[in-house]
Amino acid sequence: MSFNEYRSRSCEGHTTSWPGAAIATVLLAGACGGALAAEQDALKEGPGRDVVQVNCSRCHSTDYIPMNSPFMKRAAWEATVNKMVKVMGAPIRPEDIPIIIEYLTKYYGVE
Amino acid sequence: MQQRRAFVQAIGAGWALAGGAWIAPRAVRGAGLPQGATDSAALDALPGKLALIRRSYRPPNYETPLEAFDSVLTANDRFFVRWHLDNIPRIDAREWSLAVGGDAIDRPLHLTLDQLKQGYKPVELVAVCQCSGNRRGLSDPHVPGVQWGYGAMGNARWKGARLKDVLALAGLKASAVEIAFDGADEPVIDRTPDFVKSIPIWKAQGDDTLIAYEMNGEPLPHWNGFPARIIVPGWTATYWVKQVIAINALAAPERGFWMSTAYRIPKHKFPVIDRFVSQESEQTTPITEMVVNSLITNLTAGQRFQKGSAVVVKGVAWDGGYGIRAVDVSTDDGRSWRAAALGADLGRYSFLSWQHVFTPAETGSTAVLARASNRQGATQTFELIFNPAGYHNNVVQRIPIQVV
């Protein structure tokens, strides 16, 4: 059982599992509060936020993004996203990659 | 040693700039965590744990708060948590088994937990488990990764079987160059490289390298690798594979991402002695032993003290297993240094507690610093030895205080 399943089960009897949990998280956030709600609330509003949320949270919570801010320039965010795709095998559509880099640079980067 | 040279140079530069009054280099004055890391962290308790500093939920990366280091052995329920991949199974000890094999093993075997406990001589030792990236968040400039502060480490009494005894029973061949470990944790998606780590055969054959099933007299907590994890005393925690389910003796180096690309340091930049030759490349080498380091555990920045009243400064020191020789403390922002009193010796891989008592004679702002040295003559640096992954940060801490 994954950590996510474990946490979800510990959450008032709700059971869910990843990767379907991008949607389940939203539904459960109100009922569970705590970890799930905070994870969902982590990212700043702005163009590309949903693309980032769906793609990045497939494998890790998005608190990794604010944690690594604000000190990365566009090139550093680009390298990070490319690493996730090429090394970690993240199944991100090619057309989503520039959207993700743009969002991360604008809201969590430095120019 | 390079570290010592760096120390001497830093001191020289400080004196030169200040015409006699020591000025702490920027690194010692402290860059601090990135603002986003400070803002996104929170105290949070995983099931079975007390509150730790949460750096990330998934995979769970939780840091031990400073006050937990008041005890020289770190409590299991406050021990830091670090995972790379988010499929972390809950393991039933009755169903767990450890496969020992690989192309450099003659007689592959499977061990149950009872067999591991009863079939091999139990060994106990105290050792520091420190994430390679501990203090990464203090790197200047900042580098990407989990933005750890000071608490991605802990010190525990580990009990387990010697890895070399298990390998011997499985018929280790002379062709073995590395021993690789795989845990039960898995990536969320298949294409992500599984977390597999290897160590050189000479380290695997050491008397102190264990397959541990107890931590501070109890079964390992789930989050720290229940039911068994690898213990590589003196080396950073990246090799201490949790929930270990497979041990493979290899006649050729392990080539996975987590060895060939991750957890590497520039060659010749750090004064480390242990080399991992089969994994070295032209430019980089795997991180191995921990560099000498210390932590002040009972002071906070800006704390106020009374002139004329005794102040106790406490902390811990550790290194890669050579043993701590001295901890020097300055209570006047680096102008003068005094040897701290050292606590009970729990072994060369353990935290060594230390303390120093002083009575402030003047009011005003000053700072407390602590600097450990080991028996190899290595000391903590005053300036960061920068590297892209933020490893081996053993910059001397400087804690500003007020005397009123």
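Student: Which domains does the domain assignment give for chain B?

Tutor: Domain bounds come from an automatic or database domain assignment. For chain B, that assignment gives domain 1 (87-286) and domain 2 (291-403). The model is predicted: local features need pLDDT of at least 70 and side-chain atom pairs count only at pLDDT 80 or more, while totals for chains, interfaces and linings use all residues. Residues are numbered from 1 along each chain as its sequence is written, and chains are lettered from A and ligands numbered from 1 in the order in which they are written.

Student: What separation is found between the centres of domain 1 and domain 2 of chain B, and how many residues of each are in contact?

Tutor: Taken over C-alpha atoms, the centres of the two domains of chain B are 30 Å apart. Two residues are in contact if their C-beta atoms, placed from the backbone, lie within 7 Å. By that criterion, 25 residues of domain 1 of chain B touch 21 residues of domain 2 of chain B.

Student: Which elements give two or more residues to the side of domain 1 of chain B that touches domain 2 of chain B?

Tutor: Helices (H or I, at least four residues) and strands (E, at least two) are DSSP runs, numbered from the N terminus. The elements in question are β7 (122-130) and β15 (264-266) of chain B. The largest share, four residues, comes from β7(B).

Student: How is this side of domain 1 of chain B divided by class?

Tutor: Ala, Val, Leu, Ile, Met, Phe, Trp, Tyr, Cys and Pro count as nonpolar, Asp, Glu, Lys and Arg as charged, and the others, Gly among them, as polar. The side of domain 1 of chain B that touches domain 2 of chain B has 14 nonpolar, six polar and five charged residues.

Student: Where does Y263(B) lie, and is Y263(B) buried or exposed?

Tutor: A residue is buried if 20 or more other C-beta atoms lie within 10 Å of its own, exposed if 12 or fewer, and partly exposed in between, with C-beta atoms placed from the backbone. Y263(B) lies in the loop between α7 (257-260) and β15 of chain B. Y263(B) counts as buried because it has 21 C-beta neighbours inside 10 Å. Its phi is near 60 degrees, a positive value in a residue other than glycine.

Student: What is the phi of H268(B), and is H268(B) buried or exposed?

Tutor: H268(B), which is not a glycine, has a positive phi of about 65 degrees. H268(B) is found in the loop between β15 and β16 (284-286) of chain B, and it counts as exposed because it has 10 C-beta neighbours inside 10 Å.
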